[in-house]
Amino acid sequence: MNLPRRHGLAVIALALSLATIASPSHAATISTHATGLDNPRGLTFGPDGLLYVAEAGSGGTASTVDRCPNLRIGPPYGPYTNGRTARISKIDRHGRRRTVLGGLPSGQSQIPDWQGVADVAFIGRHLYALVQGGGCSYGDPKFPKSVLKIDPRSRRWHVLADLGAWRLDNPVDVPDDDLEPEGVFYSMTAAFGQLWVLDANGGALLKVGRSGTIRTVVDFTARFGHLTPTAITRWGPFLIVGNLFEFPIVDGASGLYSVGPFGASQKVLDGLTAVVDLAVDPHGRLYALETGNGQGSGFPDPGAGRVVRIGASGRLKVVVDGLTFPTAMTFGPDGRLYISNRGYDIPPVGTGEILAVRL
């Protein structure tokens, strides 16, 4: 159905505004697909039918605390230390892991938390990786926060777009007590032949062209306030963006935003909580991954993560719960939903896992 842009946004807004929360009507079948991962983040299936996983790594001890004072991130998060421990892995159908590209920067905060490879996506046979763990403020001035273009067969790669330098040249109006000058690039998707990157801290949706050009498509902070956009997927002719919002977590404080073909954006759903990823199943239904709720510590707690499905009528239904620090999800060629679980806030070496869910 081809609708004019204005009417298409209205249809999404009408459908999603009717949403209510429902509990699962039947239990999903959950199995562990892979283990031994270091802070697993974004997921995508490649043209070979195998699962590619971004891993944030386990940090390191290198520090640039005296080398970039203007970019220094103070307590409680900084100063960061760094090590080349992040990687991209490929998981076969039996759950066996192989490294596609290793030796990537992993920044470790004082919390602690780890930022390395944040997401992966394919356009044709080329793999693209969103690297968040680099930059002087994260302890590695020689490897920028960037988008990498990788040939997964030869493992040759290059920096396609230097996101950190671009963000410094294009600052955003974010509260000083939460500003990371080089940006926090959490998620990326391939759609319409381009790459779409979310700067969660800067509150912006960026478009990265195949030649490495970068431009702002939507400044969510300017339009809607400091909402921390973290999740993006294509849904028909639209991009749908979900947000984490600020901590402590408040139930129902997150939502969804639609972005039309020409960059027009509007909020289309309230009532979600701490959203970190979105996915569309083979039937065209939209899902949101919530990494925590406001019922415990006010921060993500073990077992508080869940997946909710947005039905055809706009109703929200919990389809998976009991997740521990989930970070990303994607549907596989087999129709199952794959989830990065145990992706942060726990000892990083070898404790992350990928769950496979038959809904």
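One convention before the first stop: Ala, Val, Leu, Ile, Met, Phe, Trp, Tyr, Cys and Pro count as nonpolar, Asp, Glu, Lys and Arg as charged, and the others, Gly among them, as polar. Also keep in mind that this is a predicted model.

**Stop 1: the cavity.** Select Thr-64, Val-65, Cys-68, Arg-72, Ile-73, Pro-79, Tyr-80, Cys-136, Ser-137 and Gly-139, which line the largest cavity. How do the residues of this lining divide? By the convention above, there are 6 nonpolar, 3 polar and 1 charged. The space inside comes to about 60 Å³. Searching the whole structure for cavities of 30 Å³ or more turns up 1.

**Stop 2: the sheet.** Now switch to cartoon and pick out β2, β26, β25 and β24, which in that order make an open sheet of 4 strands with antiparallel pairing. Look at the edges: β2 (29–37) and β24 (328–331) each have a single partner strand, so one side of each is left without a neighbour in the sheet. From one strand to the next, the twist averages 20 degrees.

Zoom in on β24 and β25 (residues 337–341): the two run antiparallel and are joined by 4 bridges. Show Phe-331 here, and you'll find Leu-337 of β25 standing opposite.

**Stop 3: Ala-28.** Next, select Ala-28, in the loop between β1 (21–22) and β2. Which residues does Ala-28 touch, leaving aside those up to four places away in sequence? Show Val-319, Val-320, Val-357, Arg-358 and Leu-359 to see these contacts.

Conventions:
Residues are numbered from 1 along each chain as its sequence is written. This is a predicted model: local features need pLDDT of at least 70, side-chain atom pairs count only at pLDDT 80 or more; totals for chains, interfaces and linings use all residues. Side-chain values use heavy atoms; hydrogens and water are left out. Two strands pair if DSSP finds at least two bridges between them. Axes are lines fitted to C-alpha atoms, for helices over the stretch in contact, and angles run from 0 to 180 degrees between N-to-C directions. On a 1 Å grid over the protein atoms alone, a cavity is a set of points where a 1.4 Å probe fits but cannot get out, and a pocket is an open set with protein on both sides within 12 Å along at least five of seven lines; lining residues have an atom within 4 Å of a point. Grid points are joined across faces, edges and corners, and a volume is the space filled by probe spheres set on the points. Contact means heavy atoms within 4.5 Å.
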